[in-house]
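Reader: I have a protein model open on my screen and would like to learn how to read it. Could you walk me through it, please?

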Amino acid sequence: MSAPSLVSPAAPAAAPIPPPPTVVDRLIAVVGDRNVIRDPVDLRTYECDGLTSFRAAPSVVVLPASTEEVAAVVKIAVEAGMPIVPRGAGTGLSGGALPIPGCVLLGLSRMKRILEIDLDNGWIRVQPGVINLDVSKEISAAGYYYAPDPSSQSVCTIGGNVAENSGGAHCLKYGFTVNHVRGVRMVTSAGEVVDIGGPVLDPPGYDLLGVVVGSEGTLGIVTEVVLRILRKPEATRTFFATFPSTDEAGVCVSEIIGAGIIPAAIEMMDRLAIKAAVAATGVDWPDVGAALLMDVDGNAAEAEHTSAVALAIARRTGALEVRVPKDDDERTLMWKGRKSAFGAMGHLAPNYIVQDGVIPRKDVGPVLAEIARLSQERGLRVANVFHAGDGNLHPLVLYDAKVPGQEHAAEELGGEILRLCIRYGGSITGEHGVGADKAPYMAEMFTEADLDTMAKVRCAFDPGTTFNPSKVFPTPRLCGDRPGPYRPHATELAGVADRG
Amino acid sequence: MSASAASLEDLAAARQERPATLAEAAEVLRRADRNGERLFFLGGGTELSLGAPPDGVDVVLGTERLERIVEHAPLDQIVTVEAGVRLASLEDLLAASGQMLALDPPWASRATLGGLVATNAFGPRRTRYGSIRDLIIGISIVRADGTEARGGGKVVKNVAGFDLPKLMIGSLGTLGFIATVTFRLHPRPETERTVRFPDLDADGVRRVVLALRQAQLEPGAVAALVHEGGDDLGVRFDGRFELGVRFEGFEAGVRQQGMKLLELATRQGWGAESLGAETARSFWARHDDARESPAGFRVKLAAQPMDLERVANAAVGSLFTALEVPRCVCYPTLGLAFVAGEVRVPGQVAAAVTAAREALPQGSVVLQAAPPEVRGAVDVWGPRPPAFALMGQLKQRLDPGRRLAPGRFVGGL
């Protein structure tokens with residue numbers, strides 16, 4: 001975020017630092033020649049993830065096929081003193097898989113086998129390169145599914161989900177990746193393979209799993225994951241409601257939740273986001289100030305009851321129109337409209353920044369008003385799409401990179417929105433992760449002591465800071481010596497410089 | 001409440017600190033750091049027997065005066081409490097706004113929230129709502145060196161930084177002092193109904209668990225008590241269970257699910273009954289008694305849910321034979337169970353524990369209370385976990401002087 005030193009999407013990264021030849025030979029011996037990518041042109045595929053404004057070339061990309069190969073690659077990299085950056089499908093939006101110059105980029109996309117399914121005990125064991133949606137597809141016929149559903153679920157991998165603790169629209173009721181991971185097999189920075197957790201609950205010891213999930217590739221390389229799977233709910237009821245403005249829609253959300261209903265998902269879009277969805281997917285949504293899309297699920301009687309109550313609340317709180325999909329196809333189309341909202345921004349502006357901040361739900365009204373004010377002040381349009389039930393905002397800052405200064409202004413505006421979230425007691429990221437993008441803001445959300453404590457945890461796992469260094473933490477940290485208190489430079493506070 | 005004599009005597013002999021504010025609590029840790037004193041954190045004292053007795057205790061930091069509710073935001077469905085807040089008093093506060101912390105462990109009137117996190121306590125509601133790791137969203141701790149630090153926050157959805165809250169769950173005060181905890185809350189269910197299966201063997205319980213899932217029923221709590229097959233000589237385990245399935249939520253859903261389960265049970269010949277309010281209370285009171293009655297010995301069993309028969313045969317049966325006044329609670333959807341009782345012949349109980357561990361190689365058998373004779377014969381934690389080296393590193397980084405309940409945790413950490 002907000003880094004004038006970083007190049008724009010159009011320009012490629014600086015030329016890669018070539019890896020030592022002996023390293024290449026050793027890597028080839030482990031994974032085979034075709035799985036060691038070192039041609040500068042081929043390496044360009046890997047120079048960014050879903051956050052395309054950050055680019056850097058890795059020295060070499062290695063594509064292992066097994067836990068043993070990952071362990072061997074880790075040992076080689078550690079001996080050569082090269083950092084390791086893990087990567088799944090590269091769909092992350094915070095630059096978590098952004099290469100570090102001179103690094104070994106460890107691509108886990110070849111490890112995409114489903115290893116074991118135990119429906120009766122409620123789990124499935126998969127390799128990290130398995131696509132999120134493929135887990136549900138595999139068990140769907142038996143009536144089961146995997147709950148976390150990031151919008152990118154048809155392309156993102158389980159390994160990436162574990163790294164980022166991914167959420168999705170339905171995590172309001174069902175929780176995040178961390179609530180659905182029972183165990184992992186992980187390669188440590190010593191190149192050792194350890195099992196953390198497993199199918200059985202409450203294994204004795206510290207909850208290392210809780211901290212590995214969401215550690216953004218900084219603690220180890222996960223090579224197998226045991227996921228909890230759920231029986232599909234008996235019924236799902238969906239409705240779409242339009243409102244004059246986000247104020248009424250916000251009141252509606254609060255009242256639904258205040259009525260003791262836990263929706264499976266409740267999503268809000270503002271006027272601009274609705275426009276974009278219409279343009280991108282052809283849904284016939286009207287030009288209104290705000291729309292809500294809500295799912296309730298569970299047993300049939302409860303879903304009927306809660307959807308009836310929620311509909312009544314929507315009407316009472318000022319809904320202009322309420323639509324209930326007549327069949328599954330229409331429901332799917334409504335959700336397609338919502339899930340394609342980010343990509344749809346391309347219909348409104350040449351470029352956009354996706355932000356991901358969280359605020360206490362009750363403050364949605366004032367925060368949206370402040371975002372609108374900031375948007376006017378800077379002369380940039382902001383579309384708001386968000387998980388209204390848990391206060392997870394996704395403001396999309398629209399700009400045109402060809403207009404001088406606009407990209408920078410958009411980044412600044414994105415930063416202001418994050419500060420707003422911090423000021424309201426929220427978080428700088430609800431589901432996209434800190435990565436490279438938001439590392440500078442960690443020092444604004446947390447104290448030096450908080451970060452130092454997290455750094456100690458990291459040092460316990462990776463004392464040589466081999467895994468994904470320069471991510472998550474705002475300042476480089478070494479283990480063994482205690483860094484002095486961090487004081488942000490004035491330019492950082494102003495959002496014009498970056499320590500990524 | 002279970003006793004472990006050695007550890008309690010140590011605690012009584014140590015200097016007692018009862019800070020009234022978080023700042024005072026942090027000062028206690030800083031002073032201990034300067035003086036090289038070993039600390040033991042004390043909440044409601046309901047689970048003192050967990051873990052091995054610490055190698056030594058110089059200062060006991062009790063949280064009884066840290067009992068402020070820091071923030072309850074009903075609209076955001078979150079609450080932040082100081083460590084010493086008792087669960088029952090929090091429940092009272094939340095009930096007034098139609099909310100609850102979906103956590104129902106034993107001894108709610110005495111247990112503190114800090115202690116519950118440190119011991120990873122749970123009750124039957126875990127069936128639906130998960131454990132503390134699914135409810136906690138933020139924590140503030142004081143490290144062994146006196147540094148105050150925080151992880152997570154007060155919004156449910158938050159992936160900024162490492163998940164320190166989860167790391168503290170079940171750590172028994174060996175990584176840091178839990179000062180405040182923030183939880184997500186749930187709406188209080190409008191109504192509830194319990195369906196009881198009076199007499200099932202382990203395979204029957206297993207089949208009901210599968211049938212619940214197959215029928216897409218979503219119970220709020222499922223618990224099995226050992227069937228009362230005793231005679232004048234005491235309670236014996238005859239391999240049979242009494243199973244309770246509780247549905248919670250809005251009336252329409254609760255009614256439909258209860259009826260569906262009864263129909264299903266009739267079709268299968270499982271002999272179930274829907275309990276009235278009074279009989280339902282009685283079933284859950286017996287559940288609570290089985291968990292809460294004082295016991296010199298208690299063990300927690302963990303296995304895959306479908307292994308219940310093996311748990312029953314290899315663990316519950318032999319422990320029941322070895323113990324006096326034995327009792328057992330199983331959570332069959334979770335694969336977790338507790339067996340408690342009094343020790344008559346320590347060697348016999350230790351042998352039963354060893355046999356249970358051999359029968360459940362993928363699971364765990366952890367002693368939660370036991371007399372010294374049994375502790376001397378079998379490790380309370382069982383074999384070291386595969387990631388033990390990492391756990392040791394973590395302890396080393398956060399408590400390098402080994403001053404926080406040293407030796408209490410897994411593998412002597």
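**Reading the model step by step**

Author: Gladly! Let us begin with domains: chain A is divided into domain 1 (21-107), domain 2 (114-231), domain 3 (234-339), domain 4 (349-431) and domain 5 (439-493). Keep in mind that this is a predicted model.

Reader: What distance separates the centres of domain 4 of chain A and domain 5 of chain A?

Author: Taken over C-alpha atoms, these two centres are 25 Å apart.

Reader: Now the two chains. How many residues does each chain bring to the contact?

Author: The size of an interface is often given as the accessible area lost when the parts come together. Here we count residues instead: chain A supplies 70 residues and chain B supplies 68 residues. On the side of chain A that touches chain B, the elements giving two or more residues are strand 9 (193-197), helix 7 (208-212), helix 10 (300-316), helix 15 (439-445) and helix 16 (448-461) of chain A. Helix 16 of chain A gives the most, with 9 residues. By class, this side of chain A has 31 nonpolar, 24 polar and 15 charged residues.

Reader: How do I read a pair of helices, such as helix 10 of chain A and helix 9 of chain B?

Author: Look at the axes. Those of helix 10 of chain A and helix 9 (residues 251-268) of chain B come within 7 Å and cross at roughly 170 degrees. Angles over 145 degrees count as roughly antiparallel, so helix 10 of chain A is roughly antiparallel to helix 9 of chain B. Helix 10 of chain A makes this contact through A:A300, A:A301, A:E302, A:E304 and A:H305, and helix 9 of chain B through B:A252, B:G253 and B:Q256. The classes are 3 nonpolar, 3 polar and 2 charged residues.

Reader: Which way do helix 11 and helix 12 of chain B run, roughly parallel or roughly antiparallel to each other?

Author: Their axes come within 9 Å and cross at roughly 175 degrees, and therefore helix 11 and helix 12 of chain B are roughly antiparallel. Among the residues in contact are B:A314 and B:L319 of helix 11 and B:V349 and B:A352 of helix 12 of chain B. This contact has 9 nonpolar, 2 polar and 1 charged residues.

Reader: Which residues touch the most other members of the largest nonpolar core?

Author: In soluble globular proteins, nonpolar side chains tend to be buried together. In this core of 287 residues, A:V73, A:L292, A:M442 and B:L301 touch the most other members. Helix 11 (residues 308-322) of chain B gives the most to this core, with 9 residues. Leaving aside neighbours within four places in sequence, A:V73 is in contact with A:L27, A:V30, A:V31, A:V62, A:P64, A:V104 and A:L106.

Notes. Residues are numbered from 1 along each chain as its sequence is written. Chains are lettered from A and ligands numbered from 1 in the order in which they are written. This is a predicted model: local features need pLDDT of at least 70, side-chain atom pairs count only at pLDDT 80 or more; totals for chains, interfaces and linings use all residues. Two residues are in contact if their C-beta atoms, placed from the backbone, lie within 7 Å. Helices (H or I, at least four residues) and strands (E, at least two) are DSSP runs, numbered from the N terminus. Ala, Val, Leu, Ile, Met, Phe, Trp, Tyr, Cys and Pro count as nonpolar, Asp, Glu, Lys and Arg as charged, and the others, Gly among them, as polar. Axes are lines fitted to C-alpha atoms, for helices over the stretch in contact, and angles run from 0 to 180 degrees between N-to-C directions. Angles under 35 degrees count as roughly parallel, over 145 as roughly antiparallel, 65 to 115 as roughly perpendicular and the rest as oblique. A nonpolar core is a set of buried Ala, Val, Leu, Ile, Met, Phe, Trp, Tyr and Cys residues joined through C-beta atoms within 7 Å. A residue is buried if 20 or more other C-beta atoms lie within 10 Å of its own, exposed if 12 or fewer, and partly exposed in between; C-beta atoms are placed from the backbone. Domain bounds come from an automatic or database domain assignment.
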